[in-house]
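Here are my notebook entries from a browse through this structure. Have it open beside you and follow along.

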Amino acid sequence: MDFFGSQDTRRRQSIVLLLCFAVAMLFMAAVVHVIVVLVTMPFSSGINFSQPTTQAKAFIAIIWMACLAGCFFRILDVRAGGATLARRFGGIEATGNSRFREEKELLDIVSEISIASACTMPRVFLLHHESAINAFVVGGFTGKEALVISKGAIDKLNREQLSAVVAHEFGHIAQGDIPVNMRLLIALGGLNAIDEVGKLLMVRSGGELVAQPGVVVGFVIRLIGSIGVFFGRLIRSAFSRQREYLADASAVQFTRNPAPLASALSVIRDQHADEAIHSVHAEELTHLCFQTGEKLKWYDKVFATHPPIQKRIDAIDPHHAVKTRSKARVAKKQQPNLYRSGSGASVVPISGGTSFESLALSDQAAVLLGDSSSCLAVLHAVFVSDDSSKSKLYYSAIAFAYNKIFSHQVRDLREALNSELHNNQLAIIEKATEQLRDSVKLDNRQRLLKSLEKLLLVEGEFTLMNYATLQLIRRKLDAEFPVLDQKSDSSAGVALASQAKSFDTMGREFALLLSLIVESSGNDTKKHDEHFANALKCYTKEHHPRRTSEESGIVTELEASFQTLYVQPRAIREAFVQHCLEIAQADGHIAKDERALLNLFAASLNCNAIAA
Amino acid sequence: MGVGTIVLIVAVLLAAYFVMIYNRLITHKNRFMNAFSQIDVQLQRRYELIPNLVEIANKYVTHEKETLTAVIDARNTASKACKAASANPQESGLVGALAQAEQTLGNAMGKFNMVMEDYPELKADESLRDLHDELTSTENRVTYARQAYSDAVMRYNTDREQFPAVVVANSCNFREADLFEAANEDVHKPVKVAFG
């Protein structure tokens with residue numbers, strides 16, 4: 001992050017926003033004038049904007065008096081200084097002689113950063129009852145700042161992350177945000193007061209909506225007030241968002257290390273949504289906080305005082321997610337014992353994270369697969385079900401599609417290579433496709449795949465494993481990708497491939513893929529749910545139920561998901577497949593199903609580098 | 001309005017501009033001097049902590065006593081250099097000498113920490129651990145202070161070298177400030193590690 005340059009641009013934008021605020025206030029004055037003159041028209045002889053009647057003058061005076069009074073009370077609040085404000089929000093001052101080691105460490109951090117930022121050390125307050133991660137600075141007009149930090153921040157962040165959060169708050173101090181913020185607060189207080197006076201007048205004049213003069217006056221005043229509050233909030237929010245980026249840039253300047261700030265933000269992103277700040281004064285504080293809860297609706301976005309976390313992380317360190325993941329990968333590679341092969345027959349031992357062993361065929365299989373026709377047969381044999389009624393149906397379908405002899409050949413091969421087909425399916429497919437790729441022309445290979453697909457549909461719907469295997473064969477045969485007939489439009493809610501969706505909105509797709517990979521990793525349903533929830537958090541804020549491969553229509557939906565994810569940037573796809581690989585490896589080995597799924601994901605998302 | 005009046009007005013404006021630039025330079029200069037005094041304060045704190053640390057270690061360490069004396073020697077040299085530099089931070093060369101002494105002290109402390117690893121009972125000592133924590137924090141502070149100093153020097157130097165200011169700076173003897181860096185080229189060479 002180029003923090004000096006970044007600070008310069010942000011500062012310019014902030015000046016523009018402050019000008020906007022001034023212009024908005026002038027605009028407000030004009031609006032008040034025009035409305036009042038129009039409303040008092042019945043009492044005067046005509047419309048005269050330059051010389052309003054006495055009533056109009058009184059009216060305008062009331063409004064501005066209300067505004068000034070509101071400002072005055074806010075000024076008193078702010079005058080009292082940071083420490084008083086901090087105490088009012090429930091902060092307890094942290095002192096060096098506390099018995100908690102963390103408190104001592106926090107004070108150390110604060111004094112370190114105050115040196116880095118060349119600011120005087122503020123008083124430090126702790127919110128003991130807050131479990132969320134948050135921090136803010138309150139202060140008067142000159143100095144007297146107080147830094148308030150929630151207990152959650154101290155518990156959940158490590159020393160470096162905490163330093164980064166503290167440095168962000170010091171960024172606000174060093175950039176002179178505190179007086180500006182306080183002034184914005186005062187101006188908003190004044191505008192709010194107009195609204196309050198209007199409310200008061202309406203209530204005093206009796207609740208009924210009769211055309212009493214008091215109600216009319218109150219209504220007009222409220223109208224003016226709410227217009228003011230609306231514009232005031234709008235500008236405050238935009239202003240505050242810019243200052244957040246500026247403070248982030250300063251934080252990086254002070255610590256000279258963007259990674260902890262980015263990771264602190266990602267910790268906040270991953271915490272539970274209900275852990276927002278609970279103080280009664282929360283609404284007043286939003287534009288001061290380190291980060292507020294994520295909001296989704298558009299009008300919330302307009303009023304949000306903070307930029308979305310992901311945008312902040314991207315601005316600080318665009319490759320944060322990828323870096324963390326690759327770091328984790330390196331750390332894992334250094335403990336090779338984790339991947340000792342299990343003893344089960346279906347376990348494929350792996351080493352070094354991605355390369356697979358034991359692809360050798362037995363002699364018997366090598367001899368049997370000597371010619372093209374047996375290779376062709378074995379590709380059919382791969383799909384023979386263990387269920388005898390289903391396999392009978394399958395054999396007869398083959399006999400119908402080709403002839404009886406071929407059907408027998410498939411059956412013979414199936415019996416001869418029974419164990420190999422179960423344990424070493426990949427090697428067999430590899431061998432068969434290699435031979436066919438050289439000896440059969442492309443259109444015939446396409447035709448072969450088509451007929452295989454039709455044969456599989458005889459058994460009913462695709463099972464997930466059949467689909468994965470079919471896609472693998474398709475890839476190995478260099479045949480064209482998605483051939484599945486256009487069924488995706490039948491299932492509602494499935495994304496169309498042509499729409500490039502933004503990252504946040506793909507929770508559904510990620511959820512589907514993650515639940516499949518989690519499910520294939522073992523038999524414990526409870527563990528599945530836990531793993532799934534953890535993994536999904538990395539990709540989306542939304543909640544999605546875990547899916548199972550037994551659901552009908554899962555394959556079509558999967559196909560649609562692939563199409564959606566396929567158009568995403570390569571980095572995202574690779575990170576996702578890597579993540580799946582990590583999930584599959586979590587229990588120390590990669591089972592056959594897991595491996596088939598991983599292959600499918602990697603191939604479908606075009607991440608061949610990671611695919612085995 | 002005569003020509004004389006116009007000349008007078010222009011002269012007054014120029015003088016005001018000159019004073020403005022001069023004051024700005026003074027502000028920047030004081031900022032970086034202040035930043036330097038911060039380094040100074042933190043370094044002094046560190047020099048106070050080190051003898052205490054060595055004293056406690058002395059109770060446990062039986063061999064490699066020379067590491068301890070090396071630390072103390074380096075500390076004394078650095079302490080002297082720090083005093084000389086803080087007396088006159090604008091004198092170039094003094095800051096460089098201090099940076100070099102700091103480098104030596106840093107190396108000695110590195111060796112000391114390695115020796116500490118050999119004595120588990122030393123590491124378990126409660127008061128030593130507190131001291132060590134404090135020393136770590138102080139070292140962080142030194143780093144941050146140096147960083148703040150570099151930032152302040154950069155602002156000052158940039159301001160000093162820009163066009164209208166450079167005229168004022170040269171005529172009023174605003175010299176270019178040193179960054180906190182070792183003057184000797186040796187420290188920029190990669191450190192050799194030998195396993196004996």
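**Entry 1, a helix pair.** I began with the crossing of helix α19 (residues 425-439) and helix α21 (residues 464-476), both in chain A; α19(A) passes α21(A) in the right-handed sense. This is a predicted model, and I kept that in mind throughout. I looked up the geometry next: the two axes come within 9 Å and cross at roughly 35°. On the α19(A) side I found I429(A), E430(A) and T433(A), which meet L472(A), I473(A) and K476(A) of α21(A). I sorted the residues of this contact by type and got 3 nonpolar, 1 polar and 2 charged.

I then turned to strand β2 of chain A, residues 123-127. Is it mostly covered or mostly open? I found it mostly covered, with 4 of its 5 residues buried. Strand β1 (residues 92-93) of chain A runs antiparallel to β2(A), joined by 2 bridges, and here E93(A) has F125(A) as its bridge partner. With strand β4 (residues 146-150) of chain A, β2(A) pairs in the parallel sense over 5 bridges; in that pairing I noted R123(A) with A146(A).

Last, I checked pLDDT. Chain A has a mean of 72, and 71% of its residues reach 70 or more. Residues 335-358 of chain A fall below 50, and I noted 39 contacts in the model for this stretch beyond near neighbours in sequence. Residues 294-299 of chain A also stay under 50, with 6 contacts beyond four places in sequence. A reminder to myself: where pLDDT is low, the predicted coordinates should not be read in detail.

Key: Residues numbered from 1 in each chain as written. Chains lettered and ligands numbered in written order. Predicted model: local features only at pLDDT ≥ 70, side-chain atom pairs only at ≥ 80, totals over all residues. Buried ≥ 20, exposed ≤ 12 C-beta atoms within 10 Å, placed from the backbone. Pairing = 2+ DSSP bridges. Axes fitted to C-alpha atoms, helices over the stretch in contact; angles between N-to-C directions. Left-handed = near helix turned anticlockwise from the far one by under 90°. Contact = placed C-beta atoms within 7 Å. Nonpolar A, V, L, I, M, F, W, Y, C, P; charged D, E, K, R; others polar. pLDDT = per-residue confidence, 0-100.
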